[in-house]
Amino acid sequence: RTVYVNGAYLPESEASVSIFDRGFLMADAIYEVTSVLDGRLVDFDAHMTRLARSARELDMAPPPGRDELLAIHRELVRRNGIDEGLVYLQVTRGAPGDRDFAYPDPGLAPTVVLFTQAKPGLADDPVARRGIRVISLDDLRWKRRDIKTVQLLYPSMAKMAARRAGADDAWLVEDGFVTEGTSNNVYIVSNGRIITRPLSCEILHGITRRSVLRCAAEAGMAVEERAFTLAEAKAAQEAFLTSASAFVIPVVAVDGVVLGDGRPGPVAARLRDICLEEARAGAI
Ligand code: PMP
């Protein structure tokens with residue numbers, strides 16, 4: 001696989017970053033994951049706009065511009081022959097000579113790393129046809145989840161706890177209300193309405209969330225942006241989640257409570273179809 005590090009395209013075995021990199025030492029880094037469908041980047045501009053916002057919120061130097069990043073994304077997709085998969089992009093505050101809590105000189109060059117991951121079958125995912133089972137866990141993450149940083153240890157712990165419990169993923173709960181999944185935004189369908197938590201610092205402003213809500217509105221589906229409780233989720237007709245790498249995935253059980261008839265619900269299935277169609281048509 002060819003990867004990109006600070007201006008160079010290299011075989012992955014030759015790519016490296018400093019042990020003093022603040023991404024490595026302090027999780028002082030931001031990232032984006034853009035999916036690739038039919039060899040095309042999905043929702044690219046929205047991902048780069050969010051990257052720039054994450055940098056601003058952390059007083060990081062502005063990341064490389066949209067055109068430069070687009071050229072790198074496309075080059076990696078081409079060189080690695082990605083038809084279905086994703087491009088991962090990470091920008092760190094750079095590698096000063098020492099470890100220090102204070103930010104280094106703002107003139108320090110950031111570390112920019114990109115790589116691809118092939119995911120054949122991304123669009124025709126058997127998991128989407130089956131649906132997933134989730135457990136609930138306390139949301140123990142920091143309170144600026146709107147900034148897409150690489151502090152992903154708690155989401156990893158939550159994912160492992162879900163696996164140990166025989167489930168696929170975890171829904172995180174704060175003050176009785178569901179915030180989001182370990183790496184996705186979450187939705188329930190109740191009285192025929194799609195309910196999802198409104199944007200705030202408590203959740204990541206999902207790019208897929210935005211596109212899916214637009215598709216839902218265009219299809220005449222009712223959407224209510226409000227927080228919902230775990231109890232509401234367990235009583236819902238159906239549930240689903242969204243992320244760039246998974247599009248729309250139905251959720252068929254919460255804490256062992258089976259939703260509806262235990263099969264993916266019609267709203268999630270329809271939204272997944274619309275979303276994939278729009279992405280294929282270049283409309284997302
Ligand atoms: N919430 C969290 C915590 C995430 O990690 C992700 C995926 N990165 C999402 C939501 C979904 O965001 P997007 O649709 O932009 O991938």
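How many Å separate the centres of domain 1 and domain 2, taken over C-alpha atoms? The separation is 26 Å.

## Model and numbering

This is a predicted model: local features need pLDDT of at least 70, side-chain atom pairs count only at pLDDT 80 or more, and totals for chains, interfaces and linings use all residues. Residues are numbered from 1 along each chain as its sequence is written.

## Two domains

Domain 1 covers 2–118 and domain 2 covers 126–280. These bounds come from an automatic or database domain assignment. Domain 1 puts 21 residues into the contact, and domain 2 puts in 13. Contact means C-beta atoms, placed from the backbone, within 7 Å.

On the side of domain 1 that touches domain 2, β3, α2 (44–57) and β5 give two or more residues each. β3 gives the most, with eight. Helices (H or I, at least four residues) and strands (E, at least two) are DSSP runs, numbered from the N terminus.

## The sheet

Six strands form an open sheet with antiparallel pairing, in the order β2-β1-β6-β5-β3-β4. Pairing requires at least two DSSP bridges between two strands. The edge strands are β2 (8–11) and β4 (40–41). β1 (residues 2–5) pairs with β2 over four bridges. Tyrosine 4 has tyrosine 9 in β2 as its bridge partner.

## The ligand shell

The ligand is surrounded by 13 residues. The closest are Leu204, Gly206, Ile207, Thr208 and Ala244. α6 (207–218) and β13 (238–243) each supply at least two shell residues. α6 gives the most, with three.

How values were computed
Near = placed C-beta within 6 Å. Contact = placed C-beta atoms within 7 Å.
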